[in-house]
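This report looks at contacts between side chains, taking aromatic rings and charged groups in turn.

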Amino acid sequence: MKLPIGIQTFREIIEEDYVYVDKTKYALDILQNYKYVFLSRPRRFGKSLFLDTLYEIFSGNKELFKGLYIYENYDFQKYPIIKISWAGDFKTLESTKQRALEIFENNQKRLNIECKRKSPQGCFEELIQNAYEKYQKKVVILIDEYDKPILDNLDNVDKALDNRDFLRSLYVQIKENDRYVKFAF
């Protein structure tokens, strides 16, 4: 019996035959009943793995779910996915903005689209709209470690507030582009 200690990639757990407790019934419930989901749980609670599971579901990778609850109960359509994972150094507002641009650049490459706007907020808005236009499907937005740029600066309230304000200006793009969004977590 292989235990997936520290593994946050659903595909690796399934393909490498690690023990997996099937949570896809809960994932399906969320997908069928909510458009916007906010999950706040302590560290090491499985949020990143759950987010990656959602990524595989919305990527249409049905075969990964063979034998799991969702396999027979979901249509596994493929959607354009914008994945934001806040890993990095956030000691300055500039480093947070730079990381946002890197994240959006990685999404542009994966989705094979291009954004012309240079600000993180403008690029995010354009990324949502361009993904919708290119794929003719609403966009899925998955955000991991949504508050890390704030938490990394709890010892410096001014920097934490700067990052909070920046994240707010970034995340408001989801609301402003609601008509293009299928699901956000």
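Is Asp178 buried, partly exposed or exposed? Asp178 is partly exposed, with a relative accessible area of 30%, where buried means under 20% relative accessible area, exposed over 50% and partly exposed in between, for a 1.4 Å probe and protein chains only.

## Basis of the model

The model is predicted, so that local features need pLDDT of at least 70 and side-chain atom pairs count only at pLDDT 80 or more, while totals for chains, interfaces and linings use all residues. Residues are numbered from 1 along each chain as its sequence is written, and side-chain values use heavy atoms, with hydrogens and water left out.

## Salt bridges

Ten salt bridges are counted, a salt bridge being a side-chain nitrogen of Lys or Arg within 4 Å of a carboxyl oxygen of Asp or Glu. Asp178 meets Lys35 in one of them, at 2.9 Å from N to O. Asp178 lies in the loop between helix H7 (157–176) and strand S3 (181–184), and Lys35 in the loop between H2 and H3, so this pair ties together parts that are 143 residues apart in sequence; helices (H or I, at least four residues) and strands (E, at least two) are DSSP runs, numbered from the N terminus. Lys35 is partly exposed, with a relative accessible area of 25%.

Glu15 and Arg11 also form a salt bridge, at 2.9 Å from N to O, and these two residues stand four apart in helix H1 (residues 10–15), separated by about one helical turn. Arg11, Glu15 and Glu56 are linked in a network of salt bridges. In helix H4 (residues 93–111), Lys109 and Glu105 are likewise four residues apart, and their closest N and O atoms are 3.6 Å apart in a salt bridge. Lys109 is exposed at 60% relative accessible area, whereas Glu105 is partly exposed at 42%.

## Aromatic pairs

The whole structure holds eleven aromatic pairs, in which rings of Phe, Tyr and Trp (its six-membered ring) have centres within 6.5 Å, with planes under 30 degrees apart counted as stacked, over 60 as edge-to-face and the rest as tilted. Among them, Phe38 and Tyr146 are edge-to-face, 5.0 Å centre to centre with 70° between the planes. This pair ties together parts that are 108 residues apart in sequence; Phe38 is exposed at 57% relative accessibility, and Tyr146 partly exposed at 26%.

Tyr74 and Phe76 form another edge-to-face pair, at 5.2 Å and 80°, and here Tyr74 is buried at 15% relative accessibility, as is Phe76 at 8%.
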